[in-house]
Amino acid sequence: MSLLQGVTVLAVDTETTGMSPNDGHRLVEVARVAVVDGVLGEDWSTLIHPGRAIPPDATRVHGISDAMVAGAPKAAAVGRLLREACADLPLVFHNAPFDLPFLMQLFRDASAPPLLNPIIDTLGLARGLFGTGSNALGALATRLKLPAEIAHRALGDTRTTARLFVELAGRWEREKGVRSLNELAAASQDVMRATARR
């Protein structure tokens, strides 16, 4: 039986005004994609009004402008919806140390419960299989011949992350003998800690 049989996870990705919520930066877009029994399922995304101007260098990355978020929902409303959808499901990110602090801030802004969910990082899974070379999301998608999506927008990157998760979970099961989602999550975090820039 496959590692992903009978399992539902949520892949999540964000776009932001900058690099850290500790510097006052906030989300401008978030998306989630369900992966059920190893197959991509329901997806959802929304722009978010960040409550601050989007710096030009951030707009150059994701293409999201102040005009695009002018009528978008506020963080608190989005945070409540997303936290409810996350429930206690395992969550999949590509480079969780970037996205998670923004999500934690989003949930605090929404007065929603904190995340205690298992976290699987596809960046850690990729480094564990391929080493620490170019493991950027786009590079991995090209290397593994995943379907093309719009890069640097939350929904496109979330779909790519979800597909990458399915591919890498299968490889970790076959090549590394991983037998459970919790084991996979732990392995991804172990690799991230071991390969973090000092």
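**Figure 1. Secondary-structure elements lining the largest pocket.** In this predicted model, strand 1 (8–16), helix 1 (56–62), helix 4 (96–109), helix 5 (122–130), helix 6 (137–143), helix 7 and helix 8 each contribute at least two residues to the lining of the largest pocket; helices (H or I, at least four residues) and strands (E, at least two) are DSSP runs. The volume of this pocket is about 1,000 Å³, and among its 40 lining residues H94, N95, F98, L137 and H152 are the closest to its centre. A pocket is an open set of points on a 1 Å grid where a 1.4 Å probe fits, with protein on both sides within 12 Å along at least five of seven lines, and lining residues have an atom within 4 Å of a point. By residue class, the lining comprises 15 nonpolar, 17 polar (a class that includes Gly) and eight charged residues. Residues are numbered from 1 along each chain as its sequence is written. Local features need pLDDT of at least 70 and side-chain atom pairs pLDDT 80 or more, whereas totals for chains, interfaces and linings use all residues, and side-chain values use heavy atoms, without hydrogens or water.

**Figure 2. Packing of helix 7 against helix 8.** Helix 7 (residues 154–176) meets helix 8 (residues 181–195) at an angle of about 100°, and their axes, which are lines fitted to C-alpha atoms, lie 11 Å apart. Helix 7 is therefore roughly perpendicular to helix 8, a term for angles of 65 to 115 degrees. On the helix 7 side, F165, A169 and W172 make the contact (heavy atoms within 4.5 Å), and they face L181, L184, A187 and V191 of helix 8. This contact holds seven nonpolar residues, with no polar and no charged ones.

**Figure 3. Packing of helix 5 against helix 8.** The axes of these two helices approach within 8 Å and cross at roughly 75°, so that helix 5 and helix 8 are roughly perpendicular. Helix 5 contributes L123, G124, L125, R127 and G128, while helix 8 contributes L184, S188, V191, M192 and T195; these residues divide into five nonpolar, four polar and one charged.

Figure 4. Five strands, in the order 3-2-1-4-5, form an open sheet of mixed pairing, where pairing requires at least two DSSP bridges. Strand 3 (39–47) and strand 5 (119–121) are the edge strands, each with a single partner, so one side of each lacks a neighbour in the sheet. Strand 1 pairs with strand 4 (residues 91–93) in the parallel sense over two bridges, and A11 stands opposite V92 in strand 4. Helix 5 packs on the sheet, touching strand 4 and strand 5, and its direction makes about 45° with that of strand 5. Helix 8 lies across strand 1 and strand 5, at about 55° to strand 5.

How values were computed
Axes fitted to C-alpha atoms, helices over the stretch in contact; angles between N-to-C directions. Parallel < 35°, antiparallel > 145°, perpendicular 65-115°, else oblique. Points joined across faces, edges and corners; volume = space filled by probe spheres on them.
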